[in-house]
Amino acid sequence: MNPIQVGVCGWGDHDLYPPGTPSRDKLALYAGHFPVVEVDSTYHAIPPAERCARWVEDTPETFRFVVKAYRELTGHGRPKGAPERPWKEVADSFAAALRPFQEGGKLSMVLFQFPPWFDCTREHVRHIRRCREAFADFPLAVEFRNRTWYAPRFREGTLRFLQEEGLIHTVCDEPQAGEGSIPVVPVVTHPDAVLIRFHGRNREGWNNTGRSNWRGVRYAYRYSREELAEWIPRIEAMKREARQVTILFNNNSQGDAAPNAKELIDMMGLTFEGLAPRQLGIW
């Protein structure tokens, strides 16, 4: 398997499929284009294990999943109308959903993306340790969205903490738009893996200013070839420190993620063995 894996976040909304393709068929088609995907629907609701098992069955042997942690586990709170449950019950339910990915040998990592208000405090460090203990059997990646974790007085401690806890660092490319955004910190904290997520550089649309279409434009950004080229030396450097570099494009408010992912693959001369057979005319 290529030590650099490239994919996108979610598989339902990308321009990869013939018109009229049913939702249930899209993952199998997606796996003909990319070797890895982020399952982002698990942030909104914990799926039954049977559904996760179908996703595993629908993809080739070499395919990998990055599964996004459910929102109640990361401090985002319960969805509107969701029943209130003890934290351990929620954690156990989410772990049950993860097991088909793990047992099928296709779980790359579980992504704990913490909210913008989750700043660098002792309380939040304790919460991350709680997550690590609850999911001790799974590889966990941590993505911060509050820049205090990388402030000069905390940066080295943050990276050392991730390393000591056996947590995979998530390196982000995103707008520099205040406290709710983080800088590029291309550092590996786990020898097995590092995760890179491209969120776009839409600085004006990044923060929620009350606009009704905020979520629809936040990730609206097409990286230029020059902007992608900036990342190639960083990716190559991280590849020397981690056995697996997973790259995910999340800039899909206007359909830019898949084209940018394919462009980076082409620029780096990457090839992936074991992709699903491609139908003619779907790209």
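Buried residues are those under 20% relative accessible area, with exposed ones over 50% and partly exposed ones in between (1.4 Å probe, protein chains only). Helices (H or I, at least four residues) and strands (E, at least two) are DSSP runs, numbered from the N terminus. The model is predicted, so that local features need pLDDT of at least 70 and side-chain atom pairs count only at pLDDT 80 or more, while totals for chains, interfaces and linings use all residues. Residues are numbered from 1 along each chain as its sequence is written, and side-chain values use heavy atoms, with hydrogens and water left out.

**View A. Helix 1 and its buried face.** Within helix 1 (residues 23–30), the buried positions are Lys-26, Leu-27, Leu-29 and Tyr-30. They line one face of the helix, because they fall within an arc of 165° when seen down its axis; the arc is that of the directions from the helix axis to the C-beta atoms. Their cover includes strand 1, strand 2 (36–39), helix 3 (49–57) and strand 3 (64–68).

**View B. The nonpolar cores.** A nonpolar core is a set of buried Ala, Val, Leu, Ile, Met, Phe, Trp, Tyr and Cys residues joined through side-chain atoms within 4.5 Å. In the largest, which has 77 residues, the members touching the most others are Tyr-30, Phe-65, Phe-135, Ile-247 and Phe-249. Helix 5 (residues 87–103) contributes the largest share of this core, 8 residues. A second, separate core has 10 residues, among them Cys-9, Met-109, Leu-111 and Leu-195.

**View C. The largest pocket.** The space in this pocket is about 1200 Å³. A pocket is an open set of points on a 1 Å grid over the protein atoms alone, where a 1.4 Å probe fits, with protein on both sides within 12 Å along at least five of seven lines; lining residues have an atom within 4 Å of a point. Grid points are joined across faces, edges and corners, and the volume is the space filled by probe spheres set on the points. Of the 37 lining residues, Asp-40, His-44, Lys-68, Tyr-219 and Asn-250 lie nearest the centre. Helix 1 gives the most to the lining, with 4 residues.

**View D. Helix 12 and its surroundings.** Helix 12 is largely enclosed by the rest of the structure, because 9 of its 12 residues are buried. Its buried residues, including Asn-260 and Lys-262, pack against strand 1 (4–9), helix 10 (225–229), helix 11 (232–239) and strand 8 (244–249), contact meaning heavy atoms within 4.5 Å. Gly-269, with a positive phi near 65°, follows helix 12.
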